[in-house]
Amino acid sequence: MEHYDLIVIGSGPAGRRAAIQAAKFGRDVLVVERGRRVGGVSVHTGTIPSKTLRETVLNLTGWRERGFYGSSYRVKQDLTAADLRARLHITLNHEVDVLEHQFSRNKVDTVRGEARFVESHMIEVEGDAGEILKYSADKFVIAVGTNPFRPGYVPFDGKFVLDSDEILDLGEIPRSIAVIGAGVIGVEYASIFSALDVHVTLVEPRETMLDFLDKELVADFTHQLRDRGIAMRFGAKVEAIEKHGPADCEIKLEGGRSVRSNVILFAAGRMGATPSLNLDSCGLSVDHRGRLEVDPETFQTEVSHIFAAGDVIGFPSLASTSMEQGRIASCHALGEAAHDPPEYFPYGIYAVPEISTVGMTEEEIKERGIPYECGVARFRETSRGHIMGLDTGMLKMIFSLKTRRLLGCHIVGEGATELVHIGQAVLNLRGTLEYFVENTFNYPTLAEAYKIAALDAWNRMPPLED
């Protein structure tokens with residue numbers, strides 16, 4: 001039985017960063033991955049595939065040029081599912097090659113198989129042929145991620161009723177799709193299929209969606225989706241799902257309404273991929289969604305030598321934050337110096353259009369009783385927006401009336417996930433309204449929206465005190 005300083009279970013964003021950080025400290029590290037190749041959910045069924053699919057759709061449909069050439073404009077006529085997958089496989093292979101090279105260069109050992117704890121310092125790994133290998137370690141980082149939530153009443157068949165992993169293997173582009181769940185994954189896929197000119201119905205039992213975002217941003221995003229013809233069935237629970245035949249599915253809603261579509265995507269939540277880990281044997285327990293509870297500063301679990309990071313610990317479940325969590329967890333596990341997790345990090349939603357946000361929402365600022373003022377810019381107010389043919393998109397900033405500091409930055413529109421980093425830097429450096437008013441931005445750029453929004457707020461701000 002081989003012994004390691006650190007064993008990392010899972011090779012997604014959290015696992016890879018935890019392993020490589022430990023290796024850079026000169027420790028012996030083993031990564032256990034049950035998938036066919038390293039990378040975890042992020043590379044194979046989550047972040048990278050869905051974002052690659054989005055980019056492929058926008059390119060091949062000519063979506064970004066329709067503001068000039070009309071809604072019938074296409075770069076490629078008669079798009080097929082094979083067209084969408086071609087770019088996907090190239091991207092995934094590149095991601096895996098990069099990760100395998102990183103592990104090799106940093107002398108991180110890897111083993112393929114399903115891990116389960118035998119006791120708190122030992123795991124066994126079952127390989128494809130049923131062989132059992134045992135490993136022990138001083139410390140562990142659990143970074144197994146999540147699997148789609150698959151309730152028993154949903155008749156999944158991998159062809160017409162799909163979860164968010166299976167949707168990537170769709171055999172052909174349907175004429176209509178119903179998406180159950182208006183969370184991040186649901187709205188991303190709903191808007192992507194809408195860009196393909198597929199008729200989309202978004203079903204959500206709650207009256208609202210994306211409640212962690214600024215309400216004004218959600219209102220703008222919702223308007224754009226409705227304007228494109230996406231039907232929204234909010235506030236009605238799903239009572240049953242029936243398949244009447246090939247490409248003929250029905251969702252029966254509370255109150256008697258129903259939704260018919262060729263394909264159904266069930267995207268109402270995910271579960272921690274922990275059932276196979278045999279956590280009872282090492283003294284760990286999980287919540288009703290299979291997630292582990294950790295110290296938010298160190299990512300240490302209730303068992304002192306076992307840490308956890310990434311989606312398996314819950315919100316925010318972002319690849320970007322998972323990477324930092326994994327690195328910080330590794331530092332604390334090995335007794336090395338580590339900085340605190342950042343107070344403000346950007347949240348990106350890769351829908352069509354993109355949404356990105358950092359800092360406090362207007363609702364959170366009101367709850368704290370902070371006097372504030374908002375500034376808003378529309379992308380169509382910028383010269384770059386006109387050049388790009390944009391008639392939608394907005395940037396909203398919120399400033400403290402007392403200190404004039406930036407409190408929150410919220411963007412919906414083309415390039416939002418890139419633009420937000422300017423707001424993130426100013427926010428974390430405690431910058432004020434004056435930075436945006438006095439700074440010079442490249443012209444023409446969408447980043448000019450920062451100055452337009454700042455001037456909008458400045459017009460209503462009290463004068464600077466001497």
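**Annotated stretch**

I began with residues 346–453, whose end C-alpha atoms lie 19 Å apart. The span is 34% helix and 27% strand. I am working from a predicted model. I then checked the UniProt record, an unreviewed entry: it annotates residues 346–453 as "domain: Pyridine nucleotide-disulphide oxidoreductase dimerisation".

**Cavity**

Next I asked how many cavities of 30 Å³ or more the whole structure has. The search found one. I noted about 130 Å³ of space in the largest cavity. I listed its lining: Leu53, Ala81, Leu84, Arg85, Leu88, Ile167, Leu168, Leu170, Glu172, Ile173 and Phe193. By class, I have nine nonpolar, no polar and two charged residues in that lining. Helix H5 (residues 81–105) gives the largest share, four residues. Which domains contribute at least three residues each to the lining of the largest cavity? I found domain 1 (2–148 + 271–334) and domain 2 (161–268).

**Second largest pocket**

I moved on to the second largest pocket, which holds about 710 Å³ of space. It is lined by 25 residues, and those closest to its centre are Trp63, Arg66, Arg228, Asp391 and Thr392. I looked for elements that give two or more residues to this lining, and got helix H3 (47–61), helix H4 (66–69) and helix H7 (215–227). The largest share, three residues, comes from H7. I sorted the pocket lining by class: six nonpolar, nine polar and ten charged residues.

Methods:
Residues numbered from 1 in each chain as written. Predicted model: local features only at pLDDT ≥ 70, side-chain atom pairs only at ≥ 80, totals over all residues. Heavy atoms only, no water. 1 Å grid on protein atoms, 1.4 Å probe; cavity = no way out; pocket = protein on both sides within 12 Å on 5 of 7 lines; lining within 4 Å. Points joined across faces, edges and corners; volume = space filled by probe spheres on them. Nonpolar A, V, L, I, M, F, W, Y, C, P; charged D, E, K, R; others polar. Domains from an automatic or database assignment. UniProt positions renumbered as here; feature names shortened; annotations may be inferred.
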